[in-house]
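Take the two chains in turn, then look at where they meet.

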Amino acid sequence: MAESKESENIVVETAEKIFADLADAQTINHDKKGDWKAPLWKALSEAGLPLSWVPEDCGGSGASLADGFAVLGAAGRFAIAVPLAETMLAGWLLAQAKITSPAGEMTVAPASPKDRIALDADGMLSGRARGVPFAKQAGHIAVLASGNGGHSIALVDAAKVRTEAGLNLANDNSDTLTFDKVEPDVIAPAPKGFDQTALMLMGGVVRSLQIAGSLETMLDISVRYSNERVAFEKKISKFQSVQHNLAKLAGESAAALAAATSAADAIVNSPSLDNDAVFLEAVAAKIRCSEAAEKGGGIAHQVHGAIGFTIEHILHRYSLRALSWRDDFGSESYWAVELGKRVAVRGADELWPLVASR
Amino acid sequence: MTAALRFDPIRLPPECEQLRKEVRAFLADEIAAGTFTPFKPNREDTDAPEFSRRVGARGWLGMTWPKKYGGHERSFLERYVVTEEMRVANAPTRRFFVADRQSGPVLLKYAPEHIKMDILPRICRGELCFAIGMSEPNSGSDLFAAKTRATKTDGGYLVNGTKIWTSSAHIADYMIAIFRTSPPTKENRRHGLTQFLVKMKQPGIKVNPIGQITGQFEFNEVVFTDYFVPDDHVLGEIDGAWKQATSELAYERSGPERFLETYYVLTELVRAVGSKPDARSAEGIGRLVAQLHTMRRMSVSVAGMLQAGKEPVVEASIVKDIGTVWEQQLPHRVRDLAAFVEEDATNRETLEKQLAFAIKTAPKLTIQGGTTEVLRGIIARGLGLR
C-alpha cells in the first residue's frame, strides 16, 4: 500500500481543517436544526474557498484550478452539504466572462444538459432549469444562456427567479428555477467555443471528484466498522466474504478516484473544454464514478447491515449524496449515449487512438 | 483513516508518443508482410520466432534493463506503450512476453553474473522463450503447497515431480520454477521452496500438451524425472522463495495485458453499429469506453509508481481484479449489443466468430496469473482486514 495521502498544499489543508472542525459528520447528524451550517459557511468564506476559482480582480481568491479540484475531493470525503462546490462553479462560470462574483452562496443554471435558458432579443432570460442544487440557499445564480447567435453568461439575483424547492436523495435542495423574462444583473458574451456542454463537463467533473471523495470515506468507515463488529464470535472483517466485498469496494473507490482526478488533470492542462480529449476524460469520469457510487455504496451498506440503514448512522450522509450527485450535470446513462455516439462517428479504428491519447 | 490508495494522474511523457508511432508503423508493416492477421480469432500463428527477433532488433525487449545485459535503460512508461500497442494489434507476443515481463527481471535480481551475461542479451534479441513453473496438480492458488522436489546432489539438484498449466512450456527454452528443497516448518508453512532456472529440452523433462476449451494447446503438464539443475541455477535464497515473490507481482499484475485480451470485440462492435448507432448501442459502447479509459488510467498510474521506485502491490492487484473481470464480461456485453446489429453489417460474420472465441477465452482471464479470490485476499490484507 502506498503511503497515506499527505495534503498537497495550503489551500487543501485549510479546507480540510475547516471541514474537520466544523463539518464533523457525527455532529452534523445529531444537529436536527442545522445550526452547523452558518459557522461552516462563514469559515469557508473567510478562507476565500467558495470563490477559489475567481481571479482576484473579479473579487475572488484566485486559487489554481488544480487546488480547487483538490478542495472538492476533500469536500466529497466530508460529504459537505453547503453550496461550496456550487459557488465555486458559479464563480468559475462568471469569471469566463470576466463578471465579478458577489459574496455569498451561489449556484449555476442550467444543471442538466437538457434544460435551456434563452436570452431573448430584449435582453431578458427565459426558460426552466430543473434539479438546480442549493438554489433555495443561493443569493445569486450564474446562468449560461443561449440566444442572439451565441452563448452568454449572466449574473442573476435569485430573488428575481421563481424557485420551486425540491430535495435530492440526501435532503439537500435540488430546485426548479423558472426564468420568466428575468433581467440579469450583469451579462456578457461567453468566450468563443464555450457552450452548455463545457459547463456540463466542468460540473460533471466537480461531481465526480465529490463522489470519489465520498467513496474514500465509505471505504474507510466500512473497514473500520468491520474491524469492530463481532458476529458468530469473531470480527466480521475475518469472514472471507466480507473481505472480498470490501476489496471490491476498494476497487470501486480506486476507479472513481482515478477517473475523477484524471479528468480534473485533463481540464487543468487543456486550454479549453472544447476537444475530444477533455470530453472523453470528463464524461468517462462521470459515468465511472456514478457506477462506482451505486456498486461501492451498495457494498458499504451491506457491510454495515441494519445500523447503516438508520438515520442515526453517518453512512447515509455519504451514500445518498453520492447517489444524488450522479444526477447533476447529466447522468451516466445520458453521457454514455453521448460518448457512444462520438465514438461511433470517429469509427472503429479511431477508438484505440483516442483512448491511448490520454 | 485507512491508508489511502493512490492513483495519481500520471501522463505518458512526450517521448512515448514518438515511440508509439514507431511501434504502430512496425506492426502495420508486419501485418502487410503477412506475419500475422490482426483480430483473427483462434490463430495458429501465436508462436512467431522471426517476429520475436525483429521486435528484439527494434530494441523493444528488455527495454528497462541495464545496457550491459543487452537492455536499453528506457522507462517503464515507454515499455508500457510498446506492450499496449502490441496487445491492441493482437501481435503474436507469446514467444517473448513472459521473458520480457517477468523472467528477465527475476534473473536480473537473483541470477549469478555469468548467467545474466549469457541469458539476458538473448532475451533482448528475442531469441528465448520462458515459461513459469508454479502450479502443480495439487497446488494452484496455494503456491506453498508445491511438492516437486529438488534434492541436493553433487554440483546441483535432482528434480522429481510435476508442474501443470504451464503456458508455453512446449516452446520454451527456459522455465523459472519453484521446487521444494526443504519441508515447511511449523512456524512458517511458506518455508522450504527455492526458485530455480530450468533449461528446457533436456533429458529428464517431458512436456505433455493439454487441450483448452478454446481449441488451443497453450498450456502443458511438465514432468521432471531425475532432472539435474546445477548449483549456479539457484535463484536467490535457498528455501526462501516466498520472500522473493511479492514485489514482482506489481509488474505482473498491472499492465495493459490485464484488460485488453478481448478488446478486439469492442472495436468490431463499433464497426458493426456504424456511424449512427441507436441509443441502446450508443449507451452500451459509451459505458464500455468509459470503463476502459478508467482502467487504462489506473494502469498507467501504477506504471508511473513503478517508474518512481514504489511498490504499489495493492494498487496493482486492484488493477488486475477490475481489469480481468472487465475483459471477461466484455464479450458478453458486446454479444448483448450485437443482437441488434443490422443483418447486413459488413463485418457481422467476423464479429460473430470473434465473439465465439472471446466467450470461450473469458473464463480463464480471472484465473491465470492469480485468481480473483487471491487478488481480493491481497487487497483485503492491504486494507488491514487480515
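Predicted model: local features only at pLDDT ≥ 70, side-chain atom pairs only at ≥ 80, totals over all residues.

The face of helix 1 of chain B turned away from its buried side carries Pro14(B), Gln18(B), Lys21(B), Ala25(B), Ala28(B), Asp29(B) and Ala32(B), which are exposed. Residues are numbered from 1 along each chain as its sequence is written, while chains are lettered from A and ligands numbered from 1 in the order in which they are written.

Helix 1 of chain B covers residues 14-32. Helices are DSSP runs (H or I, at least four residues), numbered from the N terminus. The 19 residues of this helix reach 28 Å from first C-alpha to last, close to the 27 Å expected at 1.5 Å a residue. That expected span is 1.5 Å times one less than the number of residues. Leu19(B), Val23(B), Leu27(B) and Glu30(B) are buried in helix 1 of chain B. Down the axis, the buried residues fall within an arc of 75°, so they line one face of the helix. The arc is that of the directions from the helix axis to the C-beta atoms. These buried residues pack against helix 2 (49-57) and helix 3 (76-88) of chain B. Just after the helix, Gly34(B) takes a positive phi of about 85°.

Now the contact between the chains. Chain B gives 55 residues and chain A gives 47 residues. Two residues are in contact if their C-beta atoms, placed from the backbone, lie within 7 Å. On the chain B side, helix 3, helix 8 (264-273), helix 9 (279-307), helix 10 (313-338) and helix 12 (372-382) each supply at least two residues. Helix 9 of chain B gives the most, with 19 residues.

Follow helix 12 of chain B next. Its buried residues include Leu375(B), Arg376(B), Ile378(B) and Ile379(B). The buried residues of helix 12 of chain B pack against helix 7 of chain A together with helix 10 of chain B. Just after helix 12 of chain B, Gly384(B) has a positive phi of about 85°.

Technical notes: Buried ≥ 20, exposed ≤ 12 C-beta atoms within 10 Å, placed from the backbone.
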